[in-house]
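Visitor: Could you take me through a close look at one chain of this assembly, and then show me how its neighbours meet each other? I would enjoy a connected tour.

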Amino acid sequence: MRGLQSALFTGFVSLLCLSAGGATIAQEPIKVGVLTIRSGPAKPIGDDILAGIETATKMYGRVLNRPIELVVEESLFNAQAAVTKATKLVQQNQVASILGTSTIETLALLSVADRLRVPIVTSNSGSAAITRERCNRWVFRTNAEDLMSVESLRELVEKTPRLQQAKWFTIGHDYPWSRLVASSVKGVQDLQYVGETFAPLDTTDWAPFIARARAAGATAVIMPVTLGVPLLQFIQQANEFGLTGTAVLVSPIGLPDWLVEKLGSTSTNVISAGSWAAWRYEEAWPTTKEFNQAFYAMHGRVAGMQSLQSGSATLMLYNAMTKAGSVDPEAIVEALETIEVNTPVGSLKFQPNGRQALVSLFLGPYEKLDSPRYGATYAQRADPFPASKSLPKSAAEYGCKL
Amino acid sequence: MTTEALAGRAIAMKTEARRRQATALLIVAGAVLLALLPFAGVRSFTITLLTEALIFAIWAMSLDLMTGYTGMLTFGHAAGFGLGGYAAGYFAREVTADFVASLLVAELVILSVAVPIGFVAIRLSGAAFAIVSLCIAQVFFQIAVAWRSVTEGMDGLVGVPLPTVLGRTINVGTEFYLLTVLIAGAVCLGLRQLVISPFGRTLGAIRVNEDRAAAIGINVRLHKWLVFVMSWAIAGVGGTLMVFMKAGTTPMSLYWIESGNVLIMAIFGGLGTLFGPVVGAVSFVFLRDALTTGFEVWQLAFGVVFVIVVLVFPSGLAGIVSRVWMLLWRARS
Amino acid sequence: MDWNFLFVNILNGVVYGAFLLLTSLGLSLVFGLGRVVNFAHGALYAMGGYALIAVMYGVGVGYWLGLVVAPLLVIPIAMAIERATIRPIRQRPDVDTLLVTFGLSSMIVGGIEYVWGTGTKLLPPPAPFAATVDVLGNQYPLYRLVAAIVSLLVSAGVLAVIQFTPIGLRIRAITDDPGMAEALGVNRKWLLTLVFGCAAGLAALAGALGAPVFAIHPEMGMNILIDSFLVVVLGGLGSLTGSVIGAFFVSLTKSIGGGYFAEWSTAFLFLVVAMALILRPTGIFGRGRVA
Amino acid sequence: MASPLVVRDLSKNFGALRAVDGVNLEVRDGHVHSLIGPNGAGKTTVFNCISGFLRPADGQVILNGLDVTAWPPHRLVAAGLARTFQITKVFGDLTVIENVALAARSRLGRNLQMCHRAQIAVEAQDRAYDVLDMLGLSAQAGANAAHLAHGDKRILEIAIALALQPRVLLMDEPTAGMSPGGTERIGALICRIAQCSAILLVEHDMEMVLGISDEITVMTQGRVIATGTPDTVSSDPIVQDAYLGQIDAGTL
């Protein structure tokens with residue numbers, strides 16, 4: 001249905017601009033590609049990403065006095081399919097830019113970015129490599145990468161005695177980023193690290209891995225597990241086995257808010273080591289409130305982590321287009337490098353000579369709200385952790401050469 | 001034994017021979033036709049899809065040799081394809097992007113693996129072979145995930161450069177498409193020659209009845225072993241092309257879902273025809289692209305189309321086409 | 001050596017094996033009877049999960065009643081599917097039925113996504129069993145134990161039916177020798193439809209039973225489908241005794257592998273199965289008739 | 001000269017069951033040697049052991065003076081031994097001529113040849129046609145093997161074996177399920193074939209066996225109880241009560 005909505009919406013927008021003044025070449029819509037997950041168990045994540053982009057598009061209105069037309073493509077959550085679909089967006093739909101990709105798609109597009117020659121702004125890719133050793137001039141990232149999350153985790157541990165005394169254990173998927181998180185936790189000064197186990201990617205029964213954590217006597221479990229179904233299954237089963245009673249679960253990159261709702265009270269057993277976004281940031285930052293309200297008006301639910309992030313990426317892009325004064329890819333890239341924009345995750349700009357946005361992470365426990373807001377009953381309290389504390393001063397330091 | 005009887009046999013063999021040449025010509029003509037498409041104003045993305053489809057076609061044909069002609073049902077055919085991709089991709093990135101060199105390396109790697117594995121695997125037949133092939137592919141998948149120093153784990157092998165042929169860089173697009181057409185055509189023609197050769201006929205005998213084949217002096221295991229290795233090697237050609245086209249690969253290229261896809265392409269198009277897998281691959285690629293664009297329950301639609309085709313057209317899509325072709329042939333002679 | 005850790009892993013294996021047994025029995029029966037390699041079995045498993053939440057939240061019945069109703073809903077649907085898609089092509093080569101069931105799987109999963117959306121549905125274990133119990137000093141979720149016992153009892157029931165009832169006799173007769181059974185005047189067509197339905201019912205029951213443990217989403221059936229295939233082939237196609245042995249062989253290998261080899265556990269499972277088949281090509285209880 | 005096929009102390013167990021127990025056989029040149037016995041006597045097992053489909057537990061198979069015990073079937077064929085099957089196993093989806101040509105090509109050692117050459121095809125085809133002519137099956141040369149009448153299928157079965165130009169031919173119940181007319185036809189064929197290759201025949205039709213055999217070996221429960229010319233065997237009292245009695249009652 002989301003597809004239908006966006007179709008209606010774009011139709012509505014184009015109607016508007018037709019009515020406003022005669023249809024000149026200037027009225028012809030700017031096409032923006034959205035390459036994200038549209039089917040399968042991970043779809044809720046894609047839904048949030050798309051919804052965020054739609055909301056930001058509506059909030060921003062016309063760009064260069066032209067309407068925006070979103071072209072949505074299914075990435076099938078598969079690298080090779082994503083490359084084909086990105087090629088389709090560029091070759092067939094002539095989009096000015098691509099939004100909405102997650103780690104798997106972004107990593108795949110990195111290799112072909114120089115062929116595609118359009119700016120790609122991702123808001124949902126954890127893998128540090130994307131903006132570090134593998135950074136590419138076409139590929140920007142607004143969400144914080146895994147090593148930044150690790151820094152905030154450090155801070156969190158130092159601030160929380162309970163976590164300092166804890167016996168740490170890692171239960172993760174067999175992804176490189178999971179191992180990165182694990183090794184970084186292991187590296188934290190005077191932290192008691194009692195072991196780690198990495199599950200095969202198609203794991204549905206987490207019992208053996210929970211047993212490992214049990215045997216190691218873990219009291220704090222960091223869980224670099226794929227967001228979505230697997231994480232949901234893991235947390236539910238950890239709860240089932242009573243692991244949540246004996247150990248605190250730490251999510252390295254926060255929980256999507258739809259997942260928090262599903263978990264309900266269980267989510268209060270989870271600590272985020274630094275979320276990519278948190279809608280309760282609105283208590284401190286008006287742009288977030290503005291976005292949340294627009295989002296709720298449009299989609300009738302709370303703006304989730306992925307939505308806030310993708311919304312921010314979208315706003316960055318549109319502002320860059322406006323500044324560039326054209327949709328020429330090169331011009332947009334140059335603009336992206338210099339602009340600073342107020343977004344739902346704070347005031348954003350990309351690190352000089354780098355592609356990583358200087359974005360805050362959001363610490364704080366998941367808790368029940370005194371009164372439901374935007375239909376949400378559980379949410380994370382948002383204490384921003386600035387990029388200045390989590391990211392090296394210059395891009396060159398961490399090996400990004402453009 | 002009457003003279004007219006002899007004459008009849010001679011004629012029969014002549015028409016047989018004529019048909020062979022006709023089919024060979026048909027393949028060449030088809031390849032030429034495909035090669036002309038980019039210059040006939042076909043949209044560039046259609047060319048992209050066709051390139052992908054032809055690569056899959058090579059893969060599906062290799063499966064047809066094993067499953068369609070020799071009757072070895074495999075659920076793990078992603079192994080050869082993915083392995084070739086990794087080998088060629090890694091070599092191209094680390095050493096030289098020369099296409100021929102990368103292809104050779106990929107084939108060497110595949111042979112060094114397929115020869116011993118095949119030697120064991122071909123002792124099984126039927127469902128046991130199918131499951132064991134699945135297991136083998138899944139083990140390769142796990143190795144690709146775990147051998148991070150080379151494969152970079154689930155992040156996948158990225159940054160594979162554009163291929164060069166005779167020092168000239170082949171841009172993905174029309175140039176790469178032409179290269180693919182050339183190779184796919186060669187593979188198709190080669191396989192065609194193989195299956196009409198005595199060797200090919202022997203495979204048919206093995207497919208129909210292994211005991212009988214053995215009883216007429218066919219070394220069944222040797223034949224199945226050769227087929228296993230050849231099939232992987234040809235799949236590796238496809239894998240090599242794919243890794244260059246996508247500039248990278250991930251362990252998912254070895255996952256059982258991929259094995260399922262190629263099996264489906266081949267059977268859907270029509271096993272034991274060589275032509276069928278090509279049709280199957282093309283329709284699979286275009287169908288999937290059409291259904292996954294702005295259509296969120298594409299799985300449902302895919303399933304419906306699929307079931308209908310299977311129910312209405314036995315022996316796959318190629319069944320229809322080849323029947324028409326035979327009719328035309330009869331009409332001519 | 002930590003014996004308790006081993007024990008926990010074995011316990012996990014037995015629990016998962018119980019689920020696996022339910023799905024494998026159906027797969028094995030359908031193959032034995034009709035030489036149908038049913039790729040849609042996993043989708044039917046998922047259908048069970050969704051049927052359960054449909055009756056629980058739609059009609060508002062309790063969990064245990066839902067557990068009974070859900071499979072009963074799936075059985076007729078499955079029988080209709082068999083009648084409409086598989087029976088018409090029984091005369092064709094086996095690959096055709098394999099293809100159709102593959103398409104069906106995609107259809108059913110897509111259908112589920114269409115009706116219920118792709119989101120994951122969490123189902124809490126029924127109230128009295130939500131707690132954990134102490135098993136030799138290990139906190140273990142009570143519901144898992146209960147679910148395992150239920151599925152073991154049902155499996156035993158199925159085996160008893162096959163072994164001791166007239167219908168079971170017919171099923172065995174056809175499984176052993178189709179031609180012979182035709183001669184005995186057994187209506188193979190309808191028997192297959194019936195058995196296909198019941199097999200789907202078993203899968204659905206497994207899906208419903210597993211819902212509070214593995215959660216419900218459209219593709220929940222895929223992994224268990226692969227495992228069930230391993231079980232059926234390893235046990236020997238069409239042999240129910242084989243399926244029983246196979247189910248626990250696979251589940252134990254998987255859970256113990258998971259406990260000790262973590263990320264290598266699935267690879268370990270596949271290696272072991274491959275070895276077993278190479279040593280015993282017709283499966284543990286296969287009667288040499290590998291289709 | 002030495003007999004083309006000699007079997008010494010052949011034994012084979014299936015689990016506890018001793019299906020074949022110390023069987024001795026000698027098939028002489030130009031002879032039709034019949035192996036008879038009630039069902040389950042182990043005749044087919046002997047066949048499978050000789051033709052390499054089963055590995056004997058014990059004993060020797062000597063082909064043309066060569067010890068070929070437990071050789072794989074394809075090597076035995078190359079060494080000049082061919083067999084037919086009790087259940088017809090022709091290649092269903094091929095034409096009759098292709099069925100035979102396959103065998104001929106195999107005999108020419110062309111199985112592994114990977115490119116098509118007209119002149120070999122011709123060679124194989126001609127050989128195949130010769131066989132078909134000899135067996136009077138050339139009329140159906142172009143027909144699909146699966147669509148043949150049962151009788152013709154049995155003949156084709158023999159044709160495939162003959163195309164291998166065997167020194168020794170093992171025939172497993174060539175007349176199974178055939179009309180009396182067909183049986184005679186086969187009988188006549190066997191006599192013709194015997195002129196070029198020695199034949200070991202398993203057969204139930206006593207009339208025919210007694211008619212065409214030069215030598216008969218009788219088996220029961222995996223053991224040989226008698227060997228000799230038709231008359232000696234049929235007059236042998238042990239054979240009489242152990243076996244022939246039942247058969248007479250059954251067939252005549």
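Predicted model: local features only at pLDDT ≥ 70, side-chain atom pairs only at ≥ 80, totals over all residues.

Guide: Let us begin with a definition: two residues are in contact if their C-beta atoms, placed from the backbone, lie within 7 Å.

What secondary structure does chain C have? There are 11 helices and two strands, and along the sequence they follow the pattern α-α-α-α-β-β-α-α-α-α-α-α-α. The C-alpha atoms of chain C fill a box of roughly 60 × 50 × 35 Å along the principal axes. A compact globule of 291 residues would have a radius of gyration near 19 Å, and chain C agrees, with 19 Å. Of the 291 residues in chain C, 59% are buried.

Most residues other than glycine have a negative phi. C:Ala262, although not a glycine, has a positive phi of about 45°. Its place is the loop between helix H10 (240-261) and helix H11 (265-279) of chain C. C:Ala262 counts as buried because it has 21 C-beta neighbours inside 10 Å, the cut-off being 20 or more.

A:Tyr374 is not a glycine either, yet has a positive phi of about 50°, and sits in the loop between strand S13 (361-373) and strand S14 (376-380) of chain A. With 19 C-beta neighbours inside 10 Å, A:Tyr374 counts as partly exposed.

Now to the neighbours. Helix H3 (residues 79-91) of chain A packs against helix H2 (residues 44-69) of chain B at an angle of about 160°, their axes 9 Å apart. Because of that angle, H3(A) is roughly antiparallel to H2(B). The crossing of H3(A) past H2(B) is right-handed. On the H3(A) side, A:Thr84, A:Thr87, A:Lys88 and A:Gln91 make the contact, and H2(B) brings B:Ser44, B:Phe45, B:Thr48 and B:Glu52. These residues divide into one nonpolar, five polar and two charged.

Chain B also touches chain D, in a contact that takes 24 residues from chain B and 32 residues from chain D. On the chain B side, helices H1 (3-36), H7 (174-196), H8 (198-208) and H9 (210-215) each supply at least two residues. The largest share, seven residues, comes from H8(B). By class, this side of chain B has 13 nonpolar, seven polar and four charged residues.

Definitions and conventions: Residues numbered from 1 in each chain as written. Chains lettered and ligands numbered in written order. Helix = DSSP H or I, 4+ residues; strand = E, 2+ residues; numbered from the N terminus. Nonpolar A, V, L, I, M, F, W, Y, C, P; charged D, E, K, R; others polar. Axes fitted to C-alpha atoms, helices over the stretch in contact; angles between N-to-C directions. Parallel < 35°, antiparallel > 145°, perpendicular 65-115°, else oblique. Left-handed = near helix turned anticlockwise from the far one by under 90°. Rg over C-alpha atoms; globule rule 2.2 N^0.38 Å. Buried ≥ 20, exposed ≤ 12 C-beta atoms within 10 Å, placed from the backbone.
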